[in-house]
Amino acid sequence: MGKQHCERGCARRGSALVMSLVAVIGVSVLAAGLLQVASATMRRSQATLDNRRAFYLAEAGLAEGYTGLAEGLSGNVGTQARPARYGEGLFWVESAFLASGHVELESTGMCGGGRATLALVAQPVVSSVTGLGVFSSANLRVEPGSLIDGYDSRLGSYASQADMTATPPHTAGGALVGSNGDISVAGGRVGSAIYGDARPGPGRTVSTAGSVIITGSTQPRSELSVLPPVEVPVIAKQPATLHTGPGPLVIPPSTIGYTSLRIAPYQQLVIRGPGTLVFDDLLLDAEAELIVDPTGGRVDIYIENSVSFAAGSLINCLSTNPALLTMMVSKSVATTAADNVLLNAKGQFYGTLYAPRSNVKIAAQFEVFGAAVAQRLTLSNGGKLHVDAELAANSTASPLPRMVSWRIIELPHEVAVRRVDPFVTLGVDPATLPYASEAHAEVWMNLTYKDTLNVTRTYSGWSGGFDWYQVSSLESYRTYTEDPISVDSVPLQEKSSTILAL
Amino acid sequence: MRPAAAPGRAGLSALEVVVGVALLAAVVAKVILVSSAASNVSSEDLANIVVEDQARLTLDRIAYSIMGSDRASLIPDAETPAFSARIRYRLSLGVQNGVVVWDDPELIALSEDDRKLRWFEDPGGAAERAVVWCDAVRELLEGEELNGVDDNGNGLIDESGLTFEIDGNTVTVTLTLERPTRGGRTVVRTVSTTVTCRQFEP
């Protein structure tokens with residue numbers, strides 16, 4: 001009987017178990033499904049959140065690098081091996097100085113599984129006096145047959161913007177002609193034209209004689225413009241050189257100085273950028289040729305005494321971008337003294353001429369595209385000067401670099417592959433990482449400044465070793481990635497009074 | 001010797017069978033009802049999640065595209081209260097030889113025919129390419145009716161399910177998605193964001 005009872009009872013218990021199991025499994029499957037959905041949703045939400053955080057971290061990196069540029073630093077913030085810590089993530093910024101003078105910042109932000117890389121291109125050097133266009137601190141004289149107009153190098157060549165059927169060809173406007181003194185424009189029989197503004201100094205006048213066209217304002221300027229002096233880099237100079245050939249004298253990208261360099265007739269001087277060149281005197285004899293090639297990087301030519309390009313000499317600029325060439329003359333002469341900058345060469349000069357204490361004469365064959373600023377400026381009969389609006393745009397009073405491009409770029413491969421905690425991915429300890437403001441790469445600085453007692457002082461050393469609290473005003477600075485005495489290097493940024501202008 | 005149990009005792013009586021079957025049917029019915037309800041809830045939750053997720057993802061894509069553009073390149077460029085269901089823009093590829101290089105124009109547009117949101121590369125050009133970013137965009141923004149009146153009180157009249165509004169250097173993007181669930185309901189989600197064009201006119 002017991003056996004029979006067990007057989008019946010066991011059979012009933014078994015069926016209940018099966019039913020229970022079915023119910024439990026059903027509920028479990030439902031619960032597991034819901035859990036999986038919730039989990040997947042949470043993962044996606046977290047991934048979206050992480051990506052957004054990484055994006056904003058990368059933007060914070062760009063902002064930090066941009067701030068560094070504005071302070072004269074390189075724009076590098078941290079490195080992939082030692083990034084800057086920020087919130088729950090990290091970032092680092094790599095900067096690259098482009099041949100065009102722009103700086104590209106590439107910022108990578110990482111947070112959780114999120115990754116983002118952004119790039120920004122900025123123009124770090126902000127000018128102030130190129131916005132003056134054609135300017136003289138003393139009187140400015142325009143001889144008969146001269147033409148001054150404006151164009152915008154961003155929009156293409158001068159020829160594409162000018163009315164080439166006119167005689168002489170010219171644009172509709174854009175000239176910026178100014179002076180702290182008077183402006184005299186002689187038209188003569190052939191006539192002179194300024195397609196734009198011609199504004200004398202406060203209380204001064206514009207006088208014309210003969211056939212003269214001035215399409216813009218002739219109102220006096222509201223205040224005097226102070227032209228800061230040229231600060232010439234201290235470079236050991238080679239002895240005076242007379243180049244007589246054979247073959248051209250080629251100066252490769254470098255920082256180099258000559259006490260005097262004279263190019264004999266039928267010889268060539270080739271200057272390749274990037275380069276910083278310092279001369280006491282630079283002379284081109286008749287039929288000599290100066291070829292400037294700034295396509296590889298900006299060329300800055302400093303003259304400490306005089307420039308003489310003889311009539312019949314040639315100048316040839318291989319780039320039509322005026323921002324890539326500057327000629328700066330530091331010599332101080334009386335306004336009544338003879339011209340110590342004589343530009344009688346034939347050719348087109350794309351760049352900025354800055355001679356705030358010198359007297360400059362530009363011949364008719366020396367056609368300037370860019371800007372020309374001098375103590376006394378004379379544009380000879382038939383001279384042509386075309387003011388570049390791009391240089392003027394860079395002359396805004398803002399001390400900040402000008403941003404020109406922003407974009408989202410592809411993640412570096414080694415960063416993109418492992419979507420785990422960024423500190424694990426990079427193998428770094430968050431506790432040892434610097435904060436963003438402490439992660440800027442140091443630069444070598446050559447400073448001239450006035451301290452709190454108004455005494456002019458200089459500093460040459462790493463940026464981390466300088467106490468900015470002792471500065472009441474900054475007259476100039478140059479920054480380098482290395483000590484320029486030990487390593488021949490081109491400045492990262494120059495904000496000397498001169499370069500401020502350029 | 002005990003008499004052997006009657007053979008009928010080994011099975012179930014008719015009454016037991018009827019009661020058992022009734023109980024089983026009740027339990028099964030309940031399980032089915034619960035499962036069905038759970039499934040419906042799950043389906044609706046899932047639909048909510050999917051629509052929300054898709055809306056956010058699409059909005060992020062649009063936002064990242066527009067923030068890389070420059071304000072001057074936006075077409076149409078009429079400022080708010082004008083609005084549009086499409087926006088054409090261009091992105092920078094960086095700087096080469098001192099000049100900003102621009103990519104081919106791109107277009108984000110809502111098709112009125114199939115309510116699909118498409119991204120176009122080089123629209124109208126020889127190399128035009130289109131990618132569907134979202135296929136569940138509502139004809140009109142949530143709360144809006146096609147009646148010439150601002151039903152949802154956002155200052156816009158009869159605006160479509162994808163709306164771009166430009167204000168200075170910023171673009172506000174509003175997107176309403178709509179997707180039916182298995183339970184016959186319709187899930188509607190509206191998301192919005194405002195982005196600033198990071199690009200600077202060279």
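Of the 202 residues of chain B, 25% count as buried in this predicted model. The secondary structure of chain B consists of one helix and nine strands, and these elements follow one another along the sequence in the pattern α-β-β-β-β-β-β-β-β-β. Among the contacts in chain B that link residues at least 6 apart in sequence, 50% join residues that are at least 24 apart.

Three of the strands of chain B form an open sheet with the order E7-E8-E9, in which the pairing is antiparallel. The edges of this sheet are provided by strand E7 (162-167) and strand E9 (186-196) of chain B, each of which pairs on one side only. Neighbouring strands of the sheet are turned against each other by 10 degrees on average, when direction is ignored. Strand E8 of chain B, which comprises residues 170-180, runs antiparallel to E7(B) and is joined to E7(B) by six bridges; Asp167(B) stands opposite Thr170(B), a residue of E8(B). Helix H1 of chain B, spanning residues 14-67, packs on this sheet, where it touches E8 and E9 of chain B, and its direction makes an angle of about 20 degrees with that of E9(B).

The two chains meet in an interface in which 25 residues of chain A are in contact with 22 residues of chain B. On the side of chain A that touches chain B, the elements giving two or more residues are helix H1 (2-70), strand E4 (114-123) and strand E26 (402-409) of chain A. Of these, H1(A) gives the most, with 10 residues. By residue class, this side of chain A divides into 12 nonpolar, 10 polar and three charged residues.

Within chain A, strand E7, which covers residues 147-151, is largely enclosed by the rest of the structure, because five of its five residues are buried. Both faces of E7(A) are covered, with Leu147(A), Asp149(A) and Tyr151(A) buried on one side and Ile148(A) and Gly150(A) buried on the other. E7(A) takes part in parallel pairing with strand E9 of chain A (residues 183-194), over two bridges, and here Ile148(A) stands opposite Ile194(A) of E9(A). E7(A) also pairs in the parallel sense with strand E25 of chain A (residues 384-388), in this case over five bridges, and the bridge partner of Asp149(A) in E25(A) is His386(A).

When its neighbours within four places in sequence are left aside, Thr108(A) is in contact with Ala58(A), Phe91(A), Trp92(A), Thr117(A), Pro412(A) and Val415(A). The C-alpha atom of Thr108(A) is separated by 9.5 Å from that of Pro83(A), a residue 25 places away along the chain.

Notes. Residues numbered from 1 in each chain as written. Chains lettered and ligands numbered in written order. Predicted model: local features only at pLDDT ≥ 70, side-chain atom pairs only at ≥ 80, totals over all residues. Pairing = 2+ DSSP bridges. Helix = DSSP H or I, 4+ residues; strand = E, 2+ residues; numbered from the N terminus. Axes fitted to C-alpha atoms, helices over the stretch in contact; angles between N-to-C directions. Contact = placed C-beta atoms within 7 Å. Nonpolar A, V, L, I, M, F, W, Y, C, P; charged D, E, K, R; others polar. Buried ≥ 20, exposed ≤ 12 C-beta atoms within 10 Å, placed from the backbone.
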